Each structure stands twice: as structure tokens, then as C-alpha cells.
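Good morning, and thank you for joining. Please look at the structure on the screen; I shall speak about its nonpolar core and then its aromatic pairs.

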Amino acid sequence: AVPGGVDEAGGADLSSAGSSPLRAPACASGAMRLSLDLLERVRLVSDPAAQGRAVDEVLLPTLGEFSAILRAKAAQAMIGAADWESVGALLATLLFAAPLLEEWQEEPPLASLDAPRAVFGAVLRGWREMREELEEHASSTLAADFFHGAGRYVGERRDFRLAAEGEAAGGEGEPLGDLSPALCEPLSLLRSQLAALRAQLPAASLRRAWRSLAEALDTWVYESVVRRSAFSAAGAQRFRRDAQALVDSFSGVSASAHTAMRRLHEVAIVFGLPPPARAELLQLASAGAAALSRRRDELGVHALDGESLSELLASLVVDS
């Protein structure tokens, strides 16, 4: 049977043309319907050599033109002000169309053609690269905006050592207090931008984009703030609140953002321990004892190894 039926206008019907996970976006349906029409005509040709020529001379050039249009639109969407509506439409197009080509090339007549590689292999590689570029554009744009907005936060990291004891609310089992003032504005921007991505990007692209972004922020804050700061008791609790607020900023797109921000999540765990427990952990980390592995498992601390834990615990001036 030919994949897909025929609509009332006489063109191929994409509603049953494959198992693409998305509805056909308007910008994709016309091109893919034309491709399916061409594929049905190739099927009517009995000579394999003639089928191959039809694919090479008609079907692939048609998809090449479609790819060029998508590439031009992608380039336009990635310059200037963030245009998440256009980025989302392009991603929806690619995520709809690619599974169709993957299925079509595995079915007769394309699967039976004497070709050294999959018929649509080059097209699909180009689409995958385009999708990855668009998703990377989304995550890197938000990351760059956060890095720029949080510059003052990094510059004021010495405040974590100077924080007064009266600010130390938020210890184990206690409600969290205020955040660092310099972090509030970049956090607010991050949350609004994530909401915009959630409204426009397909779910699969959103998942990849937010995770890449979360990992980038985790690395940047850990390297720029945690490893370059000393912390009083109050400062440690303030950073703990900051880290939790950063993780919580992703709550609108995922309930598991902490899995992509492991180091900040684990710093918050360690800073939330009572002083005797931190002292014990430092002793185990410094000795490199086998017991450290068991203690890390108990705490749920896996991204921070013994050396990193020693460095972190040594940064707590109150425990020095």
C-alpha cells in the first residue's frame, strides 16, 4: 500500500503518511505533500533504474529546495532580537518532516533501490544539524543573557564571606530567607524567557534546550562563584537560597532541573548540613576513605568528588 491517502484536492494526504509525533505545521504540509505525491509517482514506475533517476532528478532536488528555504528562515530567526515564534515553527517543521523521510526511505520502492546509503541520508543530516543549531541558539541566547545580567552577582561574591549572622535563616529544616539582591533581576529575566520558550518550542526541543541551558548555568555559577568564594555561616545559607532559586526557575519547564544542575544542587545539600556533619564529611573527603563513597550515597552527592568536597568545605570560614 502507498503510505498516505489522497485529499479532496487530489494531493497526498499526510494524515496517515507515517508516525511523525507532531501535527503537520502549515509550512511543512505543502512541501511534504508534494514529496509524497512524487514518491507515489516513483512507485508507479516499474524499472528500478528509472525509479532511481526520478529520485535523483526530481524528488531529492525538491527536498533540497525545501531545505534551502528552511535554512534561510533559520538564519533569519537566529539574528537580531529573539524570535521564538519563528524558531518554534521551524523546529516543529523539522520534527514533523524528518520521521516521514526516515519511514519512506525504509519502504518500497526507496528501500529496494541499489544505493550505497539511505536515499534521504544527506537531507536528514542537514535537518538534524539545523535542528541542533536552533536548539543551541535558544539555550545559548538565554545563557548569555543570564551571564550578562548576573555579572554584578559574581562581582559581589565576597559578600558571602561578609554576610552577617542575622541573615542565616534557612538552615536545615528552616524556611528560606532572602536571595542575593544582585541575583533577583537575572532570575526574573530567566523565568520570563523560559516561559516564552515553553509557549513556542515543541516539547522535544524544549527538553533539550532547557537541559543544555541548565547545565551551562550550573557550570558557570559553580566556577565563577562557588570555587572563587569564601562563605560565612550566613553567606553559605544565602548561597543555598540562591542555588535553590536558580534550580526552581526551571520549574515551569521541568520538575527535574536539579538533575541538570547537579553541582549547585549538591552544594546546597552540603551547606545545609549541621557543622558536625560537615566536619565529618571533610575528614572523609580529605582521607579519601572508602566510607566517603557511602556517605556521598547517603547524602545524594555524586557530582562533587572528594577533592571538590574538600575544596568546598574549606571555603566555609566558620568551619576553619
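Which residues of the largest nonpolar core touch the most other members? In this predicted model, they are Trp 127, Phe 146, Phe 239 and Phe 250, out of 89 residues in that core. Helix 3, residues 84–104, supplies the largest share, with 11 residues.

Let us take Phe 146 as an example. Leaving aside residues up to four places away in sequence, Phe 146 touches Leu 183, Pro 186, Leu 187, Leu 190, Leu 217, Trp 220, Val 221 and Leu 246.

I turn now to the rings. A pair of aromatic rings is described by the distance of the centres and the angle of the planes. The count here comes to 10 aromatic pairs. In one of them, Phe 160 and Phe 231, the ring centres are 5.3 Å apart and the planes stand at 40°, so the pair is tilted. Phe 160 belongs to helix 6 (residues 159–162), while Phe 231 sits in the loop between helix 8 (203–224) and helix 9 (233–248); the two are 71 residues apart, and the pair links distant parts of the chain. Both Phe 160 and Phe 231 are buried.

Trp 210 and Phe 250 form another tilted pair, because their ring centres are 6.1 Å apart and their planes are at 55°. Trp 210 is in helix 8 and Phe 250 in the loop between helix 9 and helix 10 (262–271), so this pair ties together parts 40 residues apart in sequence. Trp 210 and Phe 250 are also buried.

Finally, a cluster: ring pairs join Tyr 153, Phe 160, Phe 231, Phe 239 and Phe 271. Phe 239 was also named among the core residues that touch the most other members.

Terms used
Residues are numbered from 1 along each chain as its sequence is written. This is a predicted model: local features need pLDDT of at least 70, side-chain atom pairs count only at pLDDT 80 or more; totals for chains, interfaces and linings use all residues. Side-chain values use heavy atoms; hydrogens and water are left out. A nonpolar core is a set of buried Ala, Val, Leu, Ile, Met, Phe, Trp, Tyr and Cys residues joined through side-chain atoms within 4.5 Å. Buried means under 20% relative accessible area, exposed over 50%, partly exposed in between (1.4 Å probe, protein chains only). Helices (H or I, at least four residues) and strands (E, at least two) are DSSP runs, numbered from the N terminus. Contact means heavy atoms within 4.5 Å. Rings of Phe, Tyr and Trp (its six-membered ring) pair if their centres lie within 6.5 Å; planes under 30 degrees apart count as stacked, over 60 as edge-to-face and the rest as tilted.
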